[in-house]
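Here is a short report on how one chain is packed. Have the sequence and the coordinates at hand while reading.

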Amino acid sequence: MTGVQTCALPIYTSMVVDEHLQHWTSGAERGIPEAQYLLGDCYAECVGLEYDPQLAFLWFSRAAQTGLPAAQLSLSFCYERGIGTTKDVVAAFEWAQRAASQEDPSGWARLGRHQANGIGAQQSDIEAVACFQRSEEHTSELQSRRNLVCRLLLSKKKTNTTTI
């Protein structure tokens with residue numbers, strides 16, 4: 001395998017993507033952040049295009065620079081995992097902070113995960129819980145439940161820690 005994946009799509013999804021892909025590409029090239037993000041997502045998720053992590057990273061970067069929270073989170077993920085770029089957990093944390101600073105619920109949740117696990121920043125359960133709480137202020141019920149599970153796991157981790 002050459003490292004390039006091709007993905008099969010259900011017919012209904014393929015038709016919708018084919019219909020919009022040309023518009024997204026044109027919009028991305030004209031500098032429309034939402035189109036840049038969508039095009040990056042197509043490359044990252046193998047939707048209508050071959051998997052290309054470098055192009056996904058490029059389009060996420062362009063959209064993220066404009067302040068689009070969804071793109072900032074995708075860029076954070078790319079940096080955290082080294083997808084299309086060199087792994088850089090500090091940059092991953094910083095891009096999550098940018099999304100959170102716009103009161104994006106997913107940004108706060110990702111920032112909480114970074115804080116909880118010490119990814120790109122010093123580990124802090126207190127900061128993590130604060131981030132998850134901020135996320136809940138602006139989020140759906142489903143995400144609120146996920147954040148609650150994260151907080152419960154953090155509190156359990158603290159009570160299960162033994163000191164010698």
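What percentage of the 164 residues of the chain count as buried? The figure is 38%. The model is a predicted one.

**Overall layout**

The chain holds eight helices and zero strands. Read from the N terminus, its elements run α-α-α-α-α-α-α-α. Take the contacts in the chain with a separation of 6 or more: 44% of them join residues 24 or more positions apart.

**Helix pairs**

Two packed helices are described by the angle between their axes and the distance between the axes.

| Pair | Axis distance | Axis angle |
|---|---|---|
| α3 and α4 | 8 Å | about 135° |
| α4 and α6 | within 10 Å | roughly 25° |
| α5 and α6 | within 7 Å | roughly 145° |

Start with α3 and α4. The crossing is left-handed. From α3, the contact uses F57, F60, S61, A63 and A64; from α4, it uses A71, Q72, S74, L75, C78 and Y79. By class, these contact residues are eight nonpolar, three polar and no charged.

Next, α4 and α6. Helix α4 spans residues 69–81, and helix α6 spans residues 105–117. Their axes cross at roughly 25°, and the two helices are therefore roughly parallel to each other. This crossing of α4 and α6 is left-handed. On the α4 side, L73, S76, F77 and E80 make the contact; on the α6 side, S106, G107, R110, R113 and H114 do. The contact of α4 with α6 has two nonpolar, four polar and three charged residues.

Last, α5 and α6. Their axes come within 7 Å and cross at roughly 145°. The crossing of α5 and α6 is left-handed. Helix α5 brings A92, F93, A96, Q97, A99 and A100, which meet G107, W108, R110, L111, H114 and Q115 of α6. The residues of this contact divide into seven nonpolar, four polar and one charged.

**Nonpolar cores**

In soluble globular proteins, nonpolar side chains tend to be buried together. Which residues of the largest nonpolar core touch the most other members? They are L21, Y37, L39, F60, A71, L75 and Y79, out of 23 residues in that core. At least two core residues come from each of α1 (11–29), α2 (33–45), α3 (53–65), α4 and α5 (89–100). Helix α3 gives the most, with six residues. A second, separate core has six residues, among them F93, A96, A100 and C131.

**Two residues up close**

Leaving out residues up to four places away in sequence, Y79 touches F57, T85, T86, K87, D88, V89, A91, A92 and W95. Y79 also belongs to the α4 side of the contact with α3.

Is Q115 buried or exposed? Q115 is found in helix α6. Its relative accessibility is 10%, so Q115 counts as buried, since buried means under 20%. With residues up to four places away in sequence not counted, Q115 touches F93, Q122, Q123, S124, E127, A128 and C131.

Terms used: Residues are numbered from 1 along each chain as its sequence is written. This is a predicted model: local features need pLDDT of at least 70, side-chain atom pairs count only at pLDDT 80 or more; totals for chains, interfaces and linings use all residues. Side-chain values use heavy atoms; hydrogens and water are left out. Axes are lines fitted to C-alpha atoms, for helices over the stretch in contact, and angles run from 0 to 180 degrees between N-to-C directions. Helices (H or I, at least four residues) and strands (E, at least two) are DSSP runs, numbered from the N terminus. Angles under 35 degrees count as roughly parallel, over 145 as roughly antiparallel, 65 to 115 as roughly perpendicular and the rest as oblique. A crossing is left-handed if the near helix is turned anticlockwise from the far one by less than a right angle, and right-handed if clockwise. Contact means heavy atoms within 4.5 Å. Ala, Val, Leu, Ile, Met, Phe, Trp, Tyr, Cys and Pro count as nonpolar, Asp, Glu, Lys and Arg as charged, and the others, Gly among them, as polar. A nonpolar core is a set of buried Ala, Val, Leu, Ile, Met, Phe, Trp, Tyr and Cys residues joined through side-chain atoms within 4.5 Å. Buried means under 20% relative accessible area, exposed over 50%, partly exposed in between (1.4 Å probe, protein chains only).
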